[in-house]
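This briefing concerns the model shown below.

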Amino acid sequence: MRPYLSVVVKPTLYCNTGCSHCYHTPEERVRGQMSPETLERLIKMTSEEYESVWFIWHGGEPLTVPLSFYKDAVALQERYFGKDNYRCGNTFQTNGTLINRRFMAFCREKRINVGVSYEGPYNSVLREGDPSKALGMLSAKESKYSVSATISRETALRQRELYEFFKKDGTNLSLSPVIPAGCARCNGTVPDPDEFIRGSIEAFDAWFHDSGSNVPLVPHYLYILNYLGDPTPSDCAHTSCLTKWLCIHPDGTAYPCAKACPEEFRMGNINEVGSIQELFQSEGFRRILIGSVERREKCATCPVYRYCNGGCSMDAYYECGLSENGGDSCRIFREVFTHVSDAVQEVLDGNGDVSGLNPFVRDAIVGKLVNPRVVSQ
């Protein structure tokens, strides 16, 4: 058995809102959902080939699918992976507008994580609908959730403000830029890279020195762990994700990534193969693997390459070509990560008051000060 697989499952491409930065165009966001046979085949196949699997329920909007579908999915997981053996887990990534008490109770009972795509006071910049009422219910019921805020041209310089907004409720927050794919390819929502870098650094500086904060800030916290040598140090965009991630569309079609993965990287269909490994032996996967390796070879002399692993293949594909580096996402990572690592190194060198740091930062750095061998320049 292979050790681990993350599976982004899109049980439907339909959505009840129309976000201006969506990976899927309006023509793709049609009604319909994954069949029970495809769902069972996916869960059975992954259980037979992997020691552990994490299912991320995405879309479209996953909550436009009836709750009974997910109850069936969890029942199948318990049947094939075993009940209460922790071989698999689940996360919902939702726009939050359809969250209700029945859904919340189900997630609490089955220990399912909930991630909400939401930009707080700037939600209307990219999205239709307002999930704030539903999020208020989640907070009142002490249900754990995290927020993923997508940063657009309009909010690039407001990232610190977003951190302060979500920190008040103790909400875990991640910040990521709109990428030029799907609906965002030509509608002006992609942020200016210089403004995104500036806004990201401002948010980091505020969080880094916020001793009263009780939330991590992503990706900055992951960058700190990466620099300090954590064995699972980073987000999927800056790790060697190929063969470790899989995206399944409603009809069972498989892609190596959920980020608007084009047809040329189509890996096949789980209803037409005998194993997950056959998907990773497909011509579509060979194309993305070869292009990614070519790009990483060009990155090898970069001082931050060992931390970014060549970046996200889909970001590169839409910015300057799969086998090319130097796009906006490349520069954003290099400049933000360098700022983050410089701040951490200054503390490691004894310059700065550790007690005045964010508790997440303080705990990470103090651990390495006790055992500094893993940190190297």
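At roughly what angle do the axes of helix H2 and helix H3 cross, and within what distance do they come? In this predicted model, the axes of H2 (residues 67–81) and H3 (residues 101–110) cross at roughly 10 degrees and come within 11 Å. An angle under 35 degrees counts as roughly parallel, and H2 and H3 are therefore roughly parallel to each other.

**Helix pair H2 and H3**

- On the H2 side, the contact involves Leu 67, Tyr 70, Lys 71, Val 74 and Glu 78.
- These residues meet Arg 102, Phe 103, Phe 106 and Lys 110 in H3.
- Glu 109 also lies in helix H3; because its relative accessibility is 54%, Glu 109 counts as exposed.
- Between the C-alpha atoms of Glu 109 and Gly 284 there are 39 Å, with the two residues 175 apart along the chain.

**The sheet**

- An open sheet of 10 strands has the order E7-E6-E5-E4-E3-E2-E1-E8-E9-E10, with mixed pairing.
- Strand E7 (217–218) and strand E10 (268–269) stand at the edges; each has a single partner strand, so one side of each lacks a neighbour in the sheet.
- Helix H5 (residues 159–167) packs on this sheet and touches strand E5 (145–151), strand E6 (172–177) and E7.
- The direction of H5 makes about 160 degrees with that of E6.
- Strand E2 (residues 50–57) and strand E3 (residues 88–94) run parallel and are joined by five bridges.
- Trp 54 has Gly 89 in E3 as its bridge partner.

**The nonpolar core**

- The largest nonpolar core comprises 105 residues, of which Phe 55, Trp 57, Phe 92, Phe 208, Ile 224 and Leu 246 touch the most other members.
- Helix H12 (residues 328–348) supplies the largest share of this core, with nine residues.

**Helix H12**

- The 21 residues of H12 reach 30 Å from first to last C-alpha, close to the 30 Å expected at 1.5 Å a residue.
- Buried residues of H12 include Ile 332, Phe 333, Val 336, Phe 337 and Val 340.
- Ser 341 and Gln 345 are also among the buried residues of H12.

How values were computed: Residues numbered from 1 in each chain as written. Predicted model: local features only at pLDDT ≥ 70, side-chain atom pairs only at ≥ 80, totals over all residues. Heavy atoms only, no water. Pairing = 2+ DSSP bridges. Helix = DSSP H or I, 4+ residues; strand = E, 2+ residues; numbered from the N terminus. Contact = heavy atoms within 4.5 Å. Axes fitted to C-alpha atoms, helices over the stretch in contact; angles between N-to-C directions. Core = buried A, V, L, I, M, F, W, Y, C linked by side-chain atoms within 4.5 Å. Buried < 20%, exposed > 50% of the residue type's maximum accessible area, 1.4 Å probe, protein only. Expected span 1.5 Å × (residues − 1). Parallel < 35°, antiparallel > 145°, perpendicular 65-115°, else oblique.
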